[in-house]
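These are my notebook entries on a single structure. I record what I looked up and how each term was defined.

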Amino acid sequence: MNGIRQRDKDKMKLKEFAKAVGMSQTTVSRALNGHPEVSEATRARLIEAAHRLGYAPNAHARMLATGHASTIGCVIPIGGRNELVNPIYADFLAGVGEVCARRKFEINLTVVPQDEQAEAYRALKSKGLVGGLIVQFPRRGDPRLALLKRIGLPFVVHGRVGDHPEPYSWVDVNNLRAFERGTQFLLQLGHRQIALLNGDEAHDFALRRREGFLRALAAAGLPAPAPDRMLSGEMSASYGYAGAVALLSSDNPPTAVLTSSIMIAMGVKQALEERGLQPGRDLSIVTFDDDLSYYSNRGAVPVFTAMRSPVREAGRRTAEMLIGLIDAPEGKAVTELLEAELVVGRSTAPPRC
């Protein structure tokens, strides 16, 4: 008999639970999904009742009650690399996951070939699998924004599409200002021969970082470096290593370098150490720091001087913004520009005479 009663509890529907607690299905669903308009006292009472009665809302019940799937979608294109193993993307997803766990949302990861993203977006919409989408790795002229607007899926861009003509929601870090400030810091130390190991300049963030770098040089009356001192590529240690080897092997090597990620900076550090050279003493390094879980640049005196803007926090902000848009799809576009903090570490010093 106890087993039968337990199975009945496991199968309890939203309608039955709402009736048992004397509330509407909508109020119950919103309370258990973390919506802010429900008081904490009501939420606590319903959570206690759900545990006592054995009620656990399923995704279908939430969709009927709220009018949307309580799921955030991420479409990940497979090109020359798989972003799922990118530590920056992993930390971003961890931030998204923290918010989804608290708000009782799920995450749908769809991995598709680069040229099949449009079909994936349409399928997610037609099947009702997601309530909204996070757009990753935006590029100038990115067609995905217009497509998502056309098919009616709420979305938030992690980053920006600088030339998109219509308002849209985004969370981004001020990449231009970060690299302008990092370059200014090196100029103040006395460096004039500065190189850039940038990320992939097919992406909007990397273009903004390059612009900030060049803007600071121009303000100091310095010309743009030669193309072989402004490299662009995948943000990996191997790219940083190869770039540093090329820079150090030139006839007039730079005295300082800006890098677009900790992984690149680690590759530069490896190239220096293999030659008996030392970051800061022989080549100053300023990097962008996403404050990654497994590549931490913290401590009393960090290894690298860095422009720090935690990508996990960007994931949290993006998820919160998207859930707000899912709950109120007719609302206006919202944006948030995060600023990077300049943290001085051991990798910078005035140039050696």
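How many bridges join strand β9 to strand β10? I found four, between residues 284-289 and residues 305-308, and the two strands run parallel. Strands, like helices, are DSSP runs numbered from the N terminus (E, at least two residues; for helices H or I, at least four). Val286 stands opposite Thr305 in β10.

I note that this is a predicted model, in which local features need pLDDT of at least 70 and side-chain atom pairs count only at pLDDT 80 or more, while totals for chains, interfaces and linings use all residues. Residues are numbered from 1 along each chain as its sequence is written, and side-chain values use heavy atoms, without hydrogens and water.

Sheet entry. I traced an open, mixed sheet of six strands in the order β7-β6-β8-β9-β10-β12; two strands pair if DSSP finds at least two bridges between them. β7 (230-232) and β12 (341-343) are at the edges, because each has a single partner strand.

Helix entry. Helix α12 (residues 262-274) packs on the sheet and touches β6, β8 and β9. Contact means heavy atoms within 4.5 Å.

Thr318 entry. I located Thr318 in helix α13 (residues 311-327). Thr318 is buried at 0% relative accessibility; buried means under 20% relative accessible area, exposed over 50%, partly exposed in between (1.4 Å probe, protein chains only). Beyond neighbours within four places in sequence, Thr318 contacts Phe92, Ile134, Val156, His158 and Val171.

Cysteine entry. I searched the whole structure for disulfides (cysteine sulfur atoms within 2.5 Å) and found zero. For Cys74, the nearest cysteine sulfur is that of Cys100, 8.1 Å away.

Technical notes
Axes are lines fitted to C-alpha atoms, for helices over the stretch in contact, and angles run from 0 to 180 degrees between N-to-C directions.
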